[in-house]
Amino acid sequence: MARGGRSPIAEVPSGGLEDCCPPILAAPLHESEAGELARGFAALADPARLRLFSLIAAQPEGEVCACALVEPLGRSQPTVSHHLRVLYEAGLVDREKRGTWVWYRARPERLEALRSTLAAMSAAADAR
């Protein structure tokens, strides 16, 4: 019994913490890795940015001019530019200025990092 006559919520089994709570991933995330992944997830958590990212990633040529994203998204050009900047700062897209326009392309390796993190967490949850 814990102090005050109340029983603890959970006790660690005699075999140690590993028997009680298996790790979420094969190895714990370093603080910098967690921060980088969180920026990617946060950027994609907004419906407009998720849609923008899908529009960019779906381009057969692999890239698209920012000018072509305003109409399909149905938002103003400044709003689209803001969301594109957030995607860029999260490392989900690359950009290249050509004349007065900026062209965007998805970074599949960053998306794969997010996907594999979710898959590892899902596998750990399924194993329980």
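In this predicted model, helix α3, spanning residues 47-57, meets helix α5, spanning residues 77-89, with the two axes coming within 10 Å of each other. They cross at roughly 75°, which makes α3 roughly perpendicular to α5, since angles from 65 to 115 degrees fall in that class. As a rule, the angle between the axes and the distance between the axes are what describe two packed helices. On the α3 side, the contact is built from Ala-48, Arg-49, Leu-52, Phe-53 and Ile-56. Helix α5 answers with Val-80, His-82, His-83, Leu-84, Val-86 and Leu-87. Sorted by class, the residues of this contact come out as 8 nonpolar, 2 polar and 1 charged.

Helix α5 also turns up in the largest pocket, where it supplies the largest share of the lining, 5 residues. This pocket has a volume of about 180 Å³. There are 13 lining residues, and those closest to the pocket centre are Ala-66, Gln-77, Ser-81, Val-102 and Tyr-104. Two elements, α5 and β3 (residues 101-106), each give two or more residues to the lining. As for its make-up, the lining holds 8 nonpolar residues, along with 3 polar and 2 charged ones.

Glu-63 sits in the loop between α3 and β1, the latter being residues 64-65. In sequence, Glu-63 and Tyr-104 are 41 residues apart, yet their C-alpha atoms are 5.4 Å apart in space. Leaving aside residues up to four places away in sequence, Glu-63 touches Tyr-104 as well as Arg-98, Trp-103 and Arg-105.

How far can the predictor's confidence be followed along the protein? The average pLDDT is 81, and 77% of the residues score at least 70.

Note on methods
Residues numbered from 1 in each chain as written. Predicted model: local features only at pLDDT ≥ 70, side-chain atom pairs only at ≥ 80, totals over all residues. Heavy atoms only, no water. Axes fitted to C-alpha atoms, helices over the stretch in contact; angles between N-to-C directions. Helix = DSSP H or I, 4+ residues; strand = E, 2+ residues; numbered from the N terminus. Parallel < 35°, antiparallel > 145°, perpendicular 65-115°, else oblique. Contact = heavy atoms within 4.5 Å. Nonpolar A, V, L, I, M, F, W, Y, C, P; charged D, E, K, R; others polar. 1 Å grid on protein atoms, 1.4 Å probe; cavity = no way out; pocket = protein on both sides within 12 Å on 5 of 7 lines; lining within 4 Å. Points joined across faces, edges and corners; volume = space filled by probe spheres on them. pLDDT = per-residue confidence, 0-100.
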